[in-house]
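Let's take a walk through a protein chain, starting with its overall layout and then looking at a few side chains. Keep the picture open while you read.

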Amino acid sequence: MADTTTQHPTATAITAALGKAIPLQHLEVINESDRHGTPTDDSHFKLVVVSETFTGKRLLQRHRLVNKALAELLAGPIHALALHTYSPDEWQQLNEVPASPACRGGSN
């Protein structure tokens, strides 16, 4: 279900917070901090979240659910968050992580 691609504390906290708030079918927490600062940063993440909860919901509604679950982390260690939210049917059709754009801002 959860695939935390990095073992940084913030990634672990993201996984725990989302797991409590949303019934997850698939979760990928990808730490992209090294693309925006130093490799030891723990502040820039891309999430792929798949949940039945998203079925029939618009993108904004999905993002609000995730943002609510991560509110404490968004007020603290998370500086940037890219969200990719899918229903199980959408994910089955796509089944790949969207590529991230190149960073334009340098370090955070």
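Helices (H or I, at least four residues) and strands (E, at least two) are DSSP runs, numbered from the N terminus. With that in hand, the chain comes to four helices and four strands, and along the sequence they follow the pattern β-α-β-β-α-α-β-α. Before going further, note that this is a predicted model: local features need pLDDT of at least 70, side-chain atom pairs count only at pLDDT 80 or more, and totals for chains, interfaces and linings use all residues. Residues are numbered from 1 along each chain as its sequence is written, and side-chain values use heavy atoms, with hydrogens and water left out.

**The chain as a whole**

Of the 108 residues in the chain, 41% are buried. Here, buried means under 20% relative accessible area, exposed means over 50%, and partly exposed is in between (1.4 Å probe, protein chains only). The accessible surface is about 6300 Å², and carbon and sulfur atoms account for 50% of it; these areas come from the Shrake-Rupley method with a 1.4 Å probe, and for residues only the protein chains shown count as cover. Now for contacts, meaning heavy atoms within 4.5 Å. Among contacts between residues at least 6 apart in sequence, 67% join residues at least 24 apart.

Helix H1 covers residues 9-21, and its 13 residues should span 18 Å at 1.5 Å a residue; the end C-alpha atoms are 19 Å apart, which agrees. The expected span is 1.5 Å times one less than the number of residues. Buried residues in H1 are Thr10, Ala11, Ile14, Thr15, Ala17 and Leu18.

Which residues of H2 are buried? They are Arg62, His63 and Val66. These three cover an arc of only 95 degrees around the axis, so they sit on the same side of H2; the arc is that of the directions from the helix axis to the C-beta atoms. An α-helix has 3.6 residues a turn, so residues three or four places apart point the same way. The buried residues of H2 pack against H1, S3, strand S4 (80-86) and H4. The face turned away from that buried side carries the exposed residues Leu60, Arg64 and Lys68. Take Lys68: its relative accessible area is 69%. Its C-alpha atom is separated by 9.4 Å from that of Leu18, 50 residues apart along the chain.

**Charged pairs**

A salt bridge is a side-chain nitrogen of Lys or Arg within 4 Å of a carboxyl oxygen of Asp or Glu. How many salt bridges does the structure hold? There are two, and here they are:

| Salt bridge | Closest N and O atoms |
|---|---|
| Glu32 with Lys46 | 3.7 Å apart |
| Glu90 with Arg62 | 2.7 Å apart |

In the Glu90 pair, Glu90 lies in helix H4 (residues 88-94) and Arg62 in helix H2, so the bridge ties together parts that are 28 residues apart in sequence. Glu90 is partly exposed at 33% relative accessibility, while Arg62 is buried at 7%. As for the other pair, Glu32 is buried with a relative accessible area of 11%, and Lys46 is buried at 5%.

**Two rings**

Finally, the structure holds one aromatic pair. The rings of Tyr86 and Trp91 have their centres 5.7 Å apart and their planes at 35 degrees, so the pair is tilted. Rings of Phe, Tyr and Trp (its six-membered ring) pair if their centres lie within 6.5 Å; planes under 30 degrees apart count as stacked, over 60 as edge-to-face and the rest as tilted. Tyr86 is buried, with a relative accessible area of 14%, and Trp91 is buried at 11%.
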